Amino acid sequence: MYAITGATGQLGRLVIEALLKTIPADRIVAAVRNPAKASDLAELGVIVREADYDRPDTLAPAFAGVQKLLLISSTEVSGRLPQHRAVIEATQRAGVSLIAYTSMLHADTSSATLAIEHRQTEEVIADSGVPAVILRNGWYTENHLLALPAALEHGAFVGAAKDGRFSSAARRDYAEAAAVVLTTDDHAGKTYELAADQAFTLAELAAEVSRQSGKAIAYNDFPKPPIRMCWRGPGCRPTSLRFWPIPTPQPHAERCSMTEASSGG
């Protein structure tokens, strides 16, 4: 059987959707904090089990009979390492034969604050002795589109990326990759850096939005302190600014290196 943690989240649902193309529903476990939110998955025949990262006693029973498990990283930034550790320890007790973990692009070398817990989780997995494959997902294209309504209203995207290039991909693409890794062989011990084949700057994104919308959309680049003030507007939590990634070009690559802007508190 296959288990997907965080299965009611955006990525988790897409992974299950991808698995259902080739795997019978009764061989898929949706491991979720709140089973009531997975009623639609249960209606498809997917096995729904409670698996709360913050309640370790729920984890091993949820993983009973599971051979391959996808650990989707928690959204509790700065608090997810203990949650991930609890899941990994539960896979040991349940006899899971393979863990796939959704990490971050270049987590082993990135200077981003967000990379720290991913790197630490990878180390815990390695120390656990459970065979594993690391899926280092790049930036989600959907993250850019969060700013689309405001860009269309005000005629501009804002950022502090300069000419940094994003190799972002759709969340569905990462989900498809996870499903392939779970359902095929010879992935244990491997690490996959996952990103799009083509990279783009935010100025190029603005140009494409202009082309498709028929509206003039600019990209306004700011130094980090002013952009932090801009992001303190409606819909932005100041505490999130510390983790906002700023792409910087790599000399010999078309992909971005994630660094973070600090909110200063």
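## Salt bridges and nonpolar cores

R55 counts as partly exposed, with a relative accessibility of 34%; buried means under 20% relative accessible area, exposed over 50%, and partly exposed in between (1.4 Å probe, protein chains only). The model is predicted, so local features need pLDDT of at least 70 and side-chain atom pairs count only at pLDDT 80 or more, whereas totals for chains, interfaces and linings use all residues. Residues are numbered from 1 along each chain as its sequence is written, and side-chain values use heavy atoms, leaving out hydrogens and water.

**Salt bridges**

- The count comes to 13 salt bridges, each a side-chain nitrogen of Lys or Arg within 4 Å of a carboxyl oxygen of Asp or Glu.
- R55 pairs with E50 at 2.3 Å, N to O, and E50 is partly exposed at 33%.
- E17 and R172 form a salt bridge, their closest N and O atoms 2.7 Å apart. E17 lies in helix α1 and R172 in helix α8, so this pair ties together parts 155 residues apart in sequence; helices (H or I, at least four residues) and strands (E, at least two) are DSSP runs, numbered from the N terminus.
- R136 and E122 form a salt bridge at 2.8 Å, linking strand β6 to helix α5 (residues 113-128). R136 is buried at 6%, as is E122 at 13%.
- D108, E122, R136 and E193 belong to a salt-bridge network.

**Nonpolar cores**

- The largest core holds 33 residues, of which I4, V15, I16, L19, L70 and L135 touch the most other members; a core comprises buried Ala, Val, Leu, Ile, Met, Phe, Trp, Tyr and Cys residues joined through side-chain atoms within 4.5 Å.
- A second, separate core of 26 residues includes L59, L69, L81 and A86.
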